[in-house]
Amino acid sequence: MEYIIAVDIGTTSTKALAFNLQGQVITEHRMSYPIISPLPTYSEQDPEVLFEAVINCIAAVRQAMNGNQAATALRGISFSSAMHGLMAVDSAGKPLTNCIIWADTRSEAFATQLKGTSLGHDIYLKTGTPIHPMSPLCKLGWMKENQGDIFKAAYKFISIKEYVFFKLFGTYIVDVSIASATGLLETTKQQWYTPALSLLDLSAERLSSLVPITHISRGLNAHYADFMKLPIDTPFIVGGSDGCLANIGAQAMDAGVASVTIGTSGAIRVVSDKPARDEKERIFSYVISPETYVLGGAVNNGANILQWYQEGFVSSNGQALEETIPLLTQQAAAISPGSNGLVFLPYLTGERAPHWDANAKGVFFGVQKHHKQAHFIRAMMEGVLFGLYSVAQALEEASGSFRCIFVSGGFARSSDWVQMLADIFNKQVFVRKTIESSAMGATIVGMNALQLIDGFSIYNDQDVTISSFLPKQADHEAYMNNFKIFERLYIKLKDEF
């Protein structure tokens, strides 16, 4: 049995999964790590901790596969990574900062100053990345203004995956998928955008070299090759961003098909042959290849909402988080759609699409005596989906309607939550066998890079769809009553945030 290892570098953990060439998971290993928040608006990660997680996860999967009598050969290792990370390194590759991740909002003042200007609008239209504190463009602007010594001393500004590849191979490369989420890449030309660089007094030489998502690196550092028990010439495929790869992994690549992912945060995306030109600046346009773009929007708050509620208000009785959250969703299932009038704005960490408002706050509205814990849990689940539905409306307005949705991420394990999605969106929803869609996407890209397949498809729908959910019209109408309140609440409260 030949196999590929997919490495997915995420917000709260890194995981490595061994896939056979039919797209089935054989084994996996995961390592978690903390988000460092020295100040309320700061969200960072220690790059060395993440690098150690990567090589340890690969080593663990490699060891497991070496003990698998059916395993014959490792064909390659392919990568997925979270977007919008930024760190500075010196000429020796030593980190000068932690990795500032997507959830960090310290650059809100810089983003506010740029957003709404003609230059900001031009940068959005050319790069496809909304002006927001998540953007490395804005992070660099903050660093230039507030950490001038570091900004001047930095040899390169990179993301965590770039750091991993530098440590393993000694070169700085960035795939166009990750680069297209920086606010610094002109998407149609797929080269660094001069007006964005000029805004920061930044030269392209201080960024990594651009490569396609199928780029292969060989010549692994001997020390790390020995640690991971890998041949030095093992092909490492750079892969792409977790968002773009999720669409590939879910095979949501055709017109009229959307992909929804809810993990720590959430996103809805479609694939197009051209970038979106949304004059209202609500959605992103990221790159898979010169002919393929992923359009959509991400929301800051997904399953982290339930984690926050469980940790702050529910006794775990010694149970792990993975065990208690399903119990919460089961409680919510007993409540009727619409949570008996309780509405939740899920903006615990501000919001990205469609509002791009780092100051937005979480709100429970309509609380009355008859509301119990289960109502609050259901309102939170509905609020996350309302946020995504709001993004979907902007997406359809900018790029055309879609007829069905493929879902992935941890929430896909909850049939109740997936049914809510179908009812709110009023569209049929499909769940794939492999809900780790970003890792699956990395595997497919790896197989393409290694010329094992043509294009980005390795299976038929009937082979990988385990369940589907049809919308219930009566429930959809009940949800829409709350959704209208949800939309008005943000507008009315925006100035209060």
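Ala, Val, Leu, Ile, Met, Phe, Trp, Tyr, Cys and Pro are counted here as nonpolar, Asp, Glu, Lys and Arg as charged, and the others, Gly among them, as polar. By these classes, the lining of the largest cavity in this predicted model comprises twelve nonpolar, five polar and one charged residues. The volume of this largest cavity is about 140 Å³. Its lining consists of 18 residues, and F157, I158, S159, E162 and T182 are those nearest the centre. At least two lining residues of the largest cavity come from each of α4 (136-146), β8 (156-158) and α7 (176-179).

In total, the structure contains two cavities of 30 Å³ or more. The second largest cavity has a volume of about 110 Å³. It is lined by 15 residues, with Q45, A82, M83, I101 and I160 closest to its centre. The lining of the second largest cavity has eight nonpolar and seven polar residues, but no charged residues.

An open sheet of mixed pairing is formed by six strands in the order β3-β2-β1-β5-β14-β13. Because β3 (25-32) and β13 (216-217) stand at the edges with a single partner strand each, one side of each has no neighbour in the sheet. Within the sheet, β5 (residues 73-81) and β14 (residues 236-241) run parallel and are joined by four bridges. In this pair, S78 stands opposite I237 of β14.

Two helices are described in relation to the sheet. Helix α6 (residues 160-169) lies across β1 (2-9), β5, β13 and β14, and runs at about 170 degrees to β14. Helix α10 (residues 242-249) also packs on the sheet, where it touches β1, β5 and β14; the direction of α10 makes about 100 degrees with that of β14.

Definitions and conventions
Residues numbered from 1 in each chain as written. Predicted model: local features only at pLDDT ≥ 70, side-chain atom pairs only at ≥ 80, totals over all residues. Heavy atoms only, no water. 1 Å grid on protein atoms, 1.4 Å probe; cavity = no way out; pocket = protein on both sides within 12 Å on 5 of 7 lines; lining within 4 Å. Points joined across faces, edges and corners; volume = space filled by probe spheres on them. Pairing = 2+ DSSP bridges. Contact = heavy atoms within 4.5 Å. Axes fitted to C-alpha atoms, helices over the stretch in contact; angles between N-to-C directions.
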